[in-house]
Amino acid sequence: MEELRSRLAKVGRQLFADGLTYGASGNISARMEDANKCLIKPSGYRFCDLEPEHFIVVDIDTREVVEGDAKPSIETPFHTRLYQLWPEAGGVVHIHPKHSTILSIAGREIVHMGLDLYQAPALAKGIPLSRFAPPGTEELADNIVKAMKDHVACLMPQHGVTTIGRTIEEAALNAKVVEALAELQYSVMLVAEPEPLPDSILERLVKMAREKGLLV
Ligand SMILES: [Zn+2]
């Protein structure tokens, strides 16, 4: 468990260093060896200040705090629902990066362009735009679970991005690539209508993700 705590803190600080989150917004979690429990970021902590001991142990089925003094993230409902939906998911990342949020507000889905997808090929399956619901609500959890039934990422209107992976590092890379795709699309939209990669390449990428053993 100590190793997982350190990995979570490292991922959180890296997301901050990469400019993908600021202040206390966003949250991350990882499933523990005891598959019915996860470690989740405490509410109100800045990503740049995260230390291994800050993470809270939460029971995935009851959402009760098993260990830790601080309050678990407000978004604990959708983290736990995603672990229930995807038994092989080992990590969940939720952030509010600029370009993904702009596209979500514009009601635009991500158009798969460019070669960043090769870094996170499971995203080639699609990145749906979920329905809006207020932060921290069961309705938001319902909407995310619906959007991510067959996908490892979604955009959340007026809000940000949520991703999963077999590990917390895989979930973080998926989130980073979603934002890279959104930034690219935002720039392309200034000069032209975005053109997606051919279906044959997207299908090959999904196959590649399966062969690599990624969550897809
Ligand atoms: Zn949020």
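Which residues of helix 2 are buried? The legends below begin with this helix. The model shown is a predicted one, in which local features need pLDDT of at least 70 and side-chain atom pairs count only at pLDDT 80 or more, while totals for chains, interfaces and linings use all residues. Residues are numbered from 1 along each chain as its sequence is written.

View 1. Helices (H or I, at least four residues) and strands (E, at least two) are DSSP runs numbered from the N terminus.

**View 2. The crossing of helix 2 and helix 4.** The axes of the two helices come within 9 Å and cross at roughly 35°, the axes being lines fitted to C-alpha atoms over the stretch in contact and the angles running from 0 to 180 degrees between N-to-C directions. Helix 2 passes helix 4 in a right-handed crossing, a term for the near helix being turned clockwise from the far one by less than a right angle, left-handed being the anticlockwise case. On the side of helix 2 the meeting residues are Pro-77, Phe-78, Arg-81, Leu-82 and Leu-85, and on the side of helix 4 they are Glu-138, Leu-140, Ala-141, Ile-144 and Val-145. By class, this contact has eight nonpolar, no polar and two charged residues, with Ala, Val, Leu, Ile, Met, Phe, Trp, Tyr, Cys and Pro counted as nonpolar, Asp, Glu, Lys and Arg as charged, and the others, Gly among them, as polar. Two residues are in contact if their C-beta atoms, placed from the backbone, lie within 7 Å.

**View 3. The largest nonpolar core around Leu-123.** The largest nonpolar core has 57 residues, of which Leu-8, Leu-123 and Val-178 touch the most other members; such a core is a set of buried Ala, Val, Leu, Ile, Met, Phe, Trp, Tyr and Cys residues joined through C-beta atoms within 7 Å. Helix 5 (residues 168-189) contributes the largest share of this core, with nine residues. Apart from neighbours within four places in sequence, Leu-123 is in contact with Leu-117, Val-152, Ala-153, Asn-174, Val-177 and Val-178.

View 4. Ala-120 lies in the loop between helix 3 (98-105) and helix 4, and is buried, with 26 other C-beta atoms within 10 Å. Not counting residues up to four places away in sequence, Ala-120 touches Leu-173, Asn-174 and Val-177, and its C-alpha atom is 8.3 Å from that of Glu-170, although 50 residues separate the two in sequence. Lys-176 lies in helix 5 and counts as buried, with 22 C-beta neighbours inside 10 Å. With residues up to four places away in sequence again left out, Lys-176 touches Asp-18 and Leu-20.

**View 5. Two residues with positive phi.** Most residues other than glycine have a negative phi. Arg-63, in the loop between strand 3 and strand 4 (65-67), has a positive phi of about 65° and is partly exposed, with 14 other C-beta atoms within 10 Å. Gln-158, in the loop between strand 6 (153-156) and strand 7, likewise has a positive phi, near 60°, and counts as exposed, with 12 C-beta neighbours inside 10 Å.

**View 6. Gly-213 in the segment after helix 6.** Gly-213 is placed in the segment that follows helix 6 (199-211), and is exposed, with 9 other C-beta atoms within 10 Å. The C-alpha atoms of Gly-213 and Val-57, which are 156 residues apart along the chain, are separated by 27 Å.

Technical notes:
Buried ≥ 20, exposed ≤ 12 C-beta atoms within 10 Å, placed from the backbone.
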